[in-house]
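Thanks for taking a look at this one with me.

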Amino acid sequence: MNASHETLSDLTGAPVATRGPAVAPEGLTVPGSRPSPRRKAGRGETREAVLEVTDLRVAFSREGRTVHAVNGLSYEVRAGEMLAIIGESGSGKSVSTRALMGLLPPSARVTGSARLGDTELVGMSEKAMRRLRGCDLAMVFQDPARSLNPTMRIGAQIVEAIRAHSERNGLDKKGAQARAIELLKLVRLPAPERRFHEYPHQLSGGMRQRVMIAIALAGDPKVLIADEATTALDVTTQAQIMELLVDLQERLGMAVIMISHDLGLAASYAQEVLVMYAGKAVEYAETEDLFSNVRMPYTRALLGAIPQLTTEAHSLLPVIGGQPPDLSALPQGCAFRPRCVNAQDDCAVAPTLDEHEPGHWFACWHPAESRRTPAAEAARNGSTAATGTPAATGNPLSKGGEA
Amino acid sequence: MSVVEQEKTGAHAAATTEPLLSVRNLVQEFVSRGVGGVKTGVVHAVSNVSFDLMPGETLGIVGETGSGKSTLARSIIQAPRAKSGEVVFRGQDLMTLSHHGLKKARHDMQMVYQDPFGSLNPRWRVEDVVAEPLLAQGGLSRDARRERVHELLNLVGLDPATYCRRRPLELSGGQAQRVAIARAIALNPALIICDEAISSLDVLIQAQVLNLFEKLRSELGLSYLFIAHDLATVKQVSDRVAVMHLGQLAEVGPAEQLYLTPRHPYTRALLDSIPGLDPETGAARRPVPLAGEPPSPLDPPSGCRFRTRCPRAQEKCAVEEPLLTDHGNGHHVACHFPLEDLSATIPGPREGTVGLAAGAE
Amino acid sequence: MAVIDASSAQLESAVVAAGAKPRGRWRAWMRTWIPAGTVIFILAVCFLGPTVLPIPGATGGDVLESGQGPFSPGHLLGTDSNGNDVLSRLLSGGQASLLIGISVNVIGIVIGGTIGAVSAYVGGLFDTIVMRLLDVLIAFPSLVLTLAVAQSLGPSKRNTIFALAFFSVPAVARIARSSTLRLREMPFMQAAQLCGSPTWRILLRHVAPNVAPQLISFAALGMGIVIVTEGALSFLGLGIPAPAPSWGNMIFDGQQSMSATPLEVVWPSIALLVTVLAFNQLGENLRARWSGR
């Protein structure tokens with residue numbers, strides 16, 4: 001499908017978009033940003049880690065039961081890179097980022113560590129968090145219609161975000177207005193001076209999301225969290241917004257955490273992918289590594305369940321039965337065990353996230369076969385198999401059942 | 001030969017088979033009102049849409065927000081009635097039927113909605129939900145009804161003993177949608193309209209429900225009108241696909257052909273916008289975004305409605321509205337400057353392996 | 001389009017519930033059963049008390065026994081200026097007031113609810129006409145309207161109920177209408193029509209169960225208003241005719257001799273206060289419980 005890389009733009013002679021993952025030029029400094037300390041990156045590369053999360057756990061109590069939303073999550077995000085956190089509903093992906101931002105209700109118990117540069121986010125007071133939010137750490141939500149105040153003009157909302165950090169940027173009202181228009185230009189909103197005075201309902205979904213991004217950028221954040229930011233958008237609008245995010249990432253050297261359930265999105269845009277299930281990371285690798293060599297049975301199931309443009313119509317998709325686990329009654333051992341094809345007795349002991357292959361972490365005692373063995377490599381060079389899907393590997397994932 | 005006649009004698013349908021559903025020149029408009037009820041404009045939700053659906057066929061309708069695909073579905077079931085046009089279902093024009101006649105006709109046509117919980121009354125039990133159409137039709141004793149309900153629940157993969165007495169809030173999204181499907185097939189309809197029926201479900205559950213649709217299709221001989229915004233999902237279940245843009249049909253054709261060799265620039269743009277991996281190289285395939293904002297249905301562009309975003313637009317596109325023309329094999333395109341046949345440069349689906357093509361939610 | 005799933009709903013509700021005060025089960029139980037228990041107690045005592053308890057009648061007291069204070073022999077709460085046993089009058093008065101309150105609310109729910117729901121469901125010209133008529137009723141100063149009705153009919157329990165219903169029906173109809181309008185847009189309503197269900201069944205089995213909870217909790221909250229308004233009517237001589245007691249007329253009568261015998265006002269006022277509080281809290285609990293579904 002489209003293997004010749006021809007696109008509509010090609011056909012009309014318009015410039016072809018760049019392919020391949022975006023790489024932030026090293027040493028890029030942006031006025032107003034603070035340098036982060038160098039941290040040891042786990043891949044043998046020397047990039048600064050702006051955010052380091054270690055063993056994050058979040059629990060709520062509800063009617064006497066404890067809901068374990070996040071159970072020991074660890075990852076790193078580097079400047080200028082995009083980490084995609086993929087999971088279905090109930091995986092804890094959104095809860096974990098809200099824990100970082102301090103947006104959970106006070107009765108949520110957050111333990112573990114999340115270091116943004118030198119600052120420890122877990123256990124921070126609300127007052128300190130407010131100074132940080134929007135400043136070093138910003139978030140864009142899913143539904144722009146609900147995240148924007150319908151009774152306030154767009155410009156006023158951006159100015160509000162800028163003025164909230166006035167002690168940092170020292171801007172007065174006029175300066176803030178000018179900066180707001182600058183930001184609207186940065187996010188490529190057409191006719192920014194006019195839109196400044198408009199209300200949210202006068203803008204389309206894509207434009208509103210751009211405004212949300214502008215608000216998020218108001219404080220020059222080091223890390224931007226996009227929580228299902230494009231889920232509610234059309235696919236053409238999504239492409240526009242993602243391109244904008246990538247461009248901003250390159251220009252501003254920002255780190256982006258993209259939360260989604262869409263593996264395709266992760267494959268196209270992210271440098272690293274982390275797959276979550278039942279509050280834990282179950283697979284974590286660089287994008288190319290992960291998709292060319294999927295090990296975790298859950299990730300395989302996810303990939304297999306996605307309809308693809310090249311499969312035959314009316315064919316049955318490989319499905320797994322069962323449901324996501326009840327987070328207040330997590331089973332002993334591996335949470336995916338009841339639904340896993342490869343499950344065996346020793347799965348009663350919870351697997352840990354280990355680096356089983358260089359640069360590829362997963363938590364499984366019986367993962368799918370690796371493609372990186374010499375024999376597999378040889379076989380691979382003979383065919384054009386590139387991605388780890390059941391159709392290609394003959395992995396029997398069919399275990400029909402009820403939803 | 002007109003489009004309609006060509007369809008009827010097309011290669012994919014026996015010449016003697018009548019279409020199950022025949023839509024002609026369907027128009028639906030909504031008046032948009034401002035403060036105080038003053039009319040501020042007209043939303044051209046569906047503009048002059050015509051197509052046929054053969055028995056046993058699945059027609060996928062793809063479009064983005066504002067394309068009018070959901071409005072099209074509702075106009076077909078006459079809720080509310082369209083402004084003008086013809087909807088001939090099993091030989092009867094639904095637009096001309098009385099309230100009573102419509103009720104009868106609707107037994108054969110059912111709908112599955114996007115929100116599985118919204119389509120079930122939260123206070124009813126599952127068995128009551130599934131029995132409702134049986135009760136409305138009448139003619140069955142209570143025991144016969146109960147038996148049929150059990151049969152239907154088994155068909156959709158829900159164990160009657162476990163699920164009969166449950167209420168919707170005790171179900172997961174996938175289970176609730178299965179109940180909705182059980183209700184939809186209760187009266188043995190000929191046609192089921194799926195209006196974004198799986199968009200609200202989790203990825204793994206979507207796959208299960210898609211498989212259920214396929215299973216029911218082969219077991220019960222159902223025809224589907226499958227409406228969605230995700231191109232890959234639509235292709236999975238459809239024989240033919242129609243692409244809608246701002247209330248009009250941009251392109252209709254056999255699924256394989258349409259996806260492999262799209263003729264309309266909009267279809268091409270949609271396909272190009274899907275993120276995923278390149279099946280050949282395994283490298284990330286960056287979608288090329290379509291420039292510009294989608295026009296408003298309140299004020300659609302003159303002539304071709306896609307021209308404001310189309311890189312191939314010429315003067316003619318602003319002046320003359322393109323009509324659906326046949327490009328062979330049942331592939332119709334509404335464009336003055338359709339894309340040329342590119343099949344020579346793109347490998348067929350069996351070569352190379354699959355890539356990721358999950359669309360946006 | 002957010003993904004809907006039981007686990008995400010579970011998580012969301014956990015977050016919401018966690019945001020609310022994290023109290024134990026004991027408090028929740030108390031919050032439900034204290035008002036409910038109070039209401040049940042009051043109803044039992046007022047309706048069964050006069051027949052079951054060994055107390056003298058509410059009327060026909062001997063003037064010679066008037067003015068006795070609380071804990072007098074044979075009169076737990078003493079007697080009023082006419083020699084009637086206060087406790088007995090309190091209980092019988094409660095019976096009257098509660099009966100009126102409940103009746104008015106029931107009429108309101110049944111008639112007002114039906115009018116509002118049917119009107120909203122059917123829509124069109126019918127809806128417009130009905131709503132304009134109700135608007136007229138609502139626009140009238142309610143007390144004036146009630147007085148006019150009561151005056152033309154004369155004072156009696158039944159006529160009081162009828163007059164007060166003029167209050168209640170339009171208000172409930174409005175609520176039922178807006179609730180039904182919202183409901184009409186829900187997919188399951190359209191699915192029901194698509195199934196071929198007749199209109200009456202849709203109204204009865206789809207609309208009513210979803211609209212009723214809101215109306216019932218509104219009614220519970222409205223009890224207090226109705227009882228007090230009945231008192232006002234009685235004060236003006238248009239409610240329950242003397243010597244039959246009701247809390248309302250006891251309060252208004254007692255006002256006249258408040259400096260001399262304050263207790264005559266105090267007892268029914270306390271009774272009214274406790275009852276209204278209990279009903280209000282019950283209504284609030286019901287509303288909270290049902291709006292969560």
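1. Let us begin with chain B, which has 12 helices and 14 strands. Here helices (H or I, at least four residues) and strands (E, at least two) are DSSP runs, numbered from the N terminus. Please keep in mind that this is a predicted model, in which local features need pLDDT of at least 70 and side-chain atom pairs count only at pLDDT 80 or more, while totals for chains, interfaces and linings use all residues. Residues are numbered from 1 along each chain as its sequence is written, chains are lettered from A and ligands numbered from 1 in the order in which they are written, and side-chain values use heavy atoms, with hydrogens and water left out.

2. How much of chain B is buried? Of its 361 residues, 62% are buried, a term that means under 20% relative accessible area, with exposed being over 50% and partly exposed in between (1.4 Å probe, protein chains only). The accessible surface of chain B is about 13,000 Å², and carbon and sulfur atoms hold 51% of that area. Such areas come from the Shrake-Rupley method with a 1.4 Å probe; for residues, only the protein chains shown count as cover. As for contacts (heavy atoms within 4.5 Å), 65% of those in chain B between residues at least 6 apart in sequence join residues at least 24 apart.

3. Next, a helix pair to look up in chain B. Two packed helices are described by the angle between their axes and the distance between the axes. Helix α4 (residues 126-137) of chain B packs against helix α5 (residues 142-155) of chain B at an angle of about 115°, and their axes are 9 Å apart. The axes are lines fitted to C-alpha atoms, for helices over the stretch in contact, and angles run from 0 to 180 degrees between N-to-C directions.

4. Which way do α4(B) and α5(B) cross? Their crossing is right-handed; a crossing is left-handed if the near helix is turned anticlockwise from the far one by less than a right angle, and right-handed if clockwise. On the α4(B) side the contact is made by B:V126, B:E127, B:V130, B:A131, B:L134 and B:L135, and on the α5(B) side by B:R145, B:R148, B:V149, B:L152 and B:L153.

5. B:I181 belongs to helix α7 (residues 173-184) of chain B and is buried at 1% relative accessibility. Leaving aside neighbours within four places in sequence, B:I181 is in contact with B:V112, B:V156, B:V209, B:L212, B:F213 and B:L216.

6. Now to chain A, with 15 helices and 12 strands. Of its 403 residues, 57% count as buried, and the chain exposes about 16,000 Å², with carbon and sulfur atoms supplying 52% of it. One helix to pick out is α13(A), where 9 of its 9 residues are buried.

7. Do look at the rings of A:Y277 and A:F336, an edge-to-face aromatic pair at 5.1 Å centre to centre with 85° between the planes. Rings of Phe, Tyr and Trp (its six-membered ring) pair if their centres lie within 6.5 Å; planes under 30 degrees apart count as stacked, over 60 as edge-to-face and the rest as tilted. A:Y277 lies in strand β9 (residues 272-277) of chain A and A:F336 in the loop between α13 (297-305) and β11 (354-357) of chain A, so the pair ties together parts that are 59 residues apart in sequence.

8. Finally, chain C has 10 helices and 0 strands. Buried residues account for 45% of its 293 residues, and the chain exposes about 14,500 Å², 69% of it from carbon and sulfur atoms. C:T160, in helix α6 (residues 157-184) of chain C, is buried with a relative accessible area of 1%. Apart from neighbours within four places in sequence, C:T160 is in contact with C:I100, C:E230, C:L233, C:L238, C:G239 and C:I240.
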